[in-house]
Amino acid sequence: MAVDYVKVCTEKKLLEKVLQNINFTSCPKLFNFHMHTVYSDGRLKPHQLMEQAIAINLQGLAITDHHSIAGYEAAQNWLEDWKWSHPTESLPKLWSGVEINANLLDVEVHILGYAFDIGHTSIKPYIQRKILSGEDYQAKNVIAAIQSAGGIAILAHPARYRRSHFDLIKEAARLGIDGVETFYAYNNPTPWQPSLQESQQIGELARKYNLLSTCGTDTHGLNLLKRL
């Protein structure tokens with residue numbers, strides 16, 4: 001456990017350093033922290049996703065399948081094999097990731113978890129490919145579970161829900177969330193780029209509540225450079 005703890009702390013600190021410098025132009029060609037594979041509701045197989053990440057020279061990414069880390073594990077294994085056959089090639093950093101449904105202010109939201117110990121007991125209930133209920137479904141407990149596993153908890157696409165992102169981010173911050181998905185394309189434009197107004201508003205809230213910012217395409221289709 002001590003070795004795992006040291007590794008997770010290192011992974012978390014490295015990701016925090018990256019997120020402190022994320023901006024409007026970081027995604028989708030430098031970093032991407034929101035994407036799905038066939039292990040939830042995406043169309044890309046993990047090796048296809050990683051091949052694209054390498055082809056576009058991504059520096060870092062996280063696979064965030066819904067309530068599953070199977071895609072991440074498959075991608076990590078593929079990446080390790082690739083390193084052996086391409087020892088001199090610059091490869092992207094892959095962090096653990098997951099997207100979890102939760103209740104926040106009586107609205108269902110999605111909370112992204114990153115850089116957590118995939119074997120930690122606190123995260124286990126949330127990676128069984130099913131939405132939980134009761135206390136386990138409450139945002140405060142989802143946030144606590146991710147953080148107990150050494151990870152970073154992020155409110156996904158805050159302006160997509162039935163309550164204002166102003167209210168949701170304020171409450172999420174009160175519950176101890178680490179950050180928000182500041183840069184997100186709400187209208188699925190081509191080419192992909194973050195929605196200007198929402199990104200500005202969420203960025204201001206992130207600064208107000210001292211939260212980290214992430215960016216992500218929320219890819220569900222066959223192209224990492226767009227959502228669908």
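Buried means under 20% relative accessible area, exposed over 50%, and partly exposed in between, with a 1.4 Å probe and protein chains only. D218 is buried, at a relative accessible area of 2%. This is a predicted model, in which local features need pLDDT of at least 70, side-chain atom pairs count only at pLDDT 80 or more, and totals for chains, interfaces and linings use all residues. Residues are numbered from 1 along each chain as its sequence is written, and side-chain values use heavy atoms, leaving out hydrogens and water.

**Backbone features**

Most residues other than glycine have a negative phi, and most peptide bonds are trans. D218 has a positive phi, and so does N57. N57 counts as exposed at 57% relative accessibility. Two peptide bonds are listed as cis in the table.

| Item | Value |
|---|---|
| Phi of N57 | near 60 degrees |
| Phi of D218 | near 55 degrees |
| Omega, C27 to P28 (cis) | about 15 degrees |
| Omega, T190 to P191 (cis) | near 0 degrees |

**H66**

H66 counts as buried, at 18% relative accessibility. Its side chain makes a polar contact with the side chain of D41, at 3.4 Å. A polar contact is a pair of N or O atoms within 3.5 Å; within protein, one must be able to donate a hydrogen and the other to accept it, and residues adjacent in sequence count only if both atoms are side-chain atoms. Contact means heavy atoms within 4.5 Å. Leaving aside neighbours within four places in sequence, H66 is in contact with H36, S40, D41, E99, N101, H110 and H220.
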